[in-house]
Amino acid sequence: MAQLSDRVRALMQPHLASIEPYDPNFTPCRVNLSANENTYPMPAAARASIDAALAATPLNRYPDPMSNELRAEIAAWHGVNPSWVCVGNGGDELLYNFLLAFGGAGRTLLNCPPCFSEYAFFASLAQTKVLDVWRDAETFELDRAAVLEAAPKCDIAIVTSPNNPTGDLASVEFVREMCAACPGLVMVDEAYGEFADAASSCEQLLSECDNLVVLHTLSKAFGMAGTRVGYVIAAPDVIDAFAAIRQIYSVNVLSQAAALAAVRARDQFAPVVDAIRSERARVIESLHGIAACGLPLEVWESEANFVLVRVPNATRVRERMRDEKSILVRDFSYAPGLADCLRITVGTPEENDEVLAALAALLKEEI
Ligand code: PMP
């Protein structure tokens, strides 16, 4: 994608002056394990329910702004009143709305990088300052003491659990402390929460922490990234603020219908999540095996549907995987704190076998 012209840049709002168009660098590949998508086939009965719901959805009417049917189904699933739920056009829209409603000029977001880069991007769109409390350079663990020290100086905070791209959890106890320390709202981004143990979800804190917002998405566990449906759970007055500033028709009728059918069929998705979790364990074990053979590879534990590895010349390894094997993984070498790190989505057993074999073969050649 082209860079912005100087002419247009001069016409844009000053705080957007350094922004460039984002290019997700989608390259058609045989095996695409680059975007933490769910690569498993959707359970057939669930897919049939979704198809039937889509076929029965009229297209001539505007969508229900608050996705009320879907909202009620999500609320019943999570054991809360529908007034605690707001649905959005993917988690991304809700993250942006969070910054728009609760960040802004003169406000500061507490951020814990390396983490999902969209937080800082949305903060910049909303003119919000970002206070970065970096994770440990080796283990990527949250620096709890530094976070709690920074929290009182910040207006809002986001912590990711499991974190993208490092795969680790923020403990429930720590999030409780963050909620107590931060004067404003604390968002826990649980986009990958279904791949971790249920007990690790910070939703259990919602009844005691009225400044907690928990973010979820159907993009990962449900394998519905293309439909763009996410939701937040928070106290009703917080949800009202999300509702007040959102674009009213952002969740289209087809997405609402598909998501409603999927959430109704949620039990059918559990075996897919279980399969990804057990493949994750196998992939991590195999990666340790590759390292044990003397190949230069470091791997971190993960509670999500991806694993992070560090290899020499990661950018070259990633390019060779793409060009020679048609396998796409994500290179984070450009990102501060993630030099030579590749993030590999956990795919089907066949896809994982391919990526493991390719990685071992390329590392042998590279040393
Ligand atoms: N949070 C995290 C940590 C993510 O990695 C992603 C997607 N990559 C999202 C939120 C947003 O997901 P979506 O917009 O597809 O719901």
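I began with N313, which counts as partly exposed because it has 16 C-beta neighbours inside 10 Å; a residue is buried with 20 or more other C-beta atoms within 10 Å of its own, exposed with 12 or fewer, and partly exposed in between, the C-beta atoms being placed from the backbone. The model is a predicted one, in which local features need pLDDT of at least 70, side-chain atom pairs count only at pLDDT 80 or more, and totals for chains, interfaces and linings use all residues. I counted residues from 1 along each chain as its sequence is written.

I noted that phi of N313 is positive, near 50°, and that N313 sits in the loop between strand 10 and helix 11 (314-325); helices (H or I, at least four residues) and strands (E, at least two) are DSSP runs numbered from the N terminus. Most residues other than glycine have a negative phi, and most peptide bonds are trans.

Next I looked up F140, which also has a positive phi, of about 65°, and which lies in the loop between strand 4 (129-132) and helix 6 (144-150). F140 is buried, with 23 other C-beta atoms within 10 Å.

I then turned to the peptide bonds and found that the one from S161 to P162 is cis, with omega near -5°, while another cis bond joins N164 and P165, with omega about 15°. P162 lies in the loop between strand 5 (156-160) and helix 7 (172-181), and P165 is found in the loop between strand 5 and helix 7 as well.
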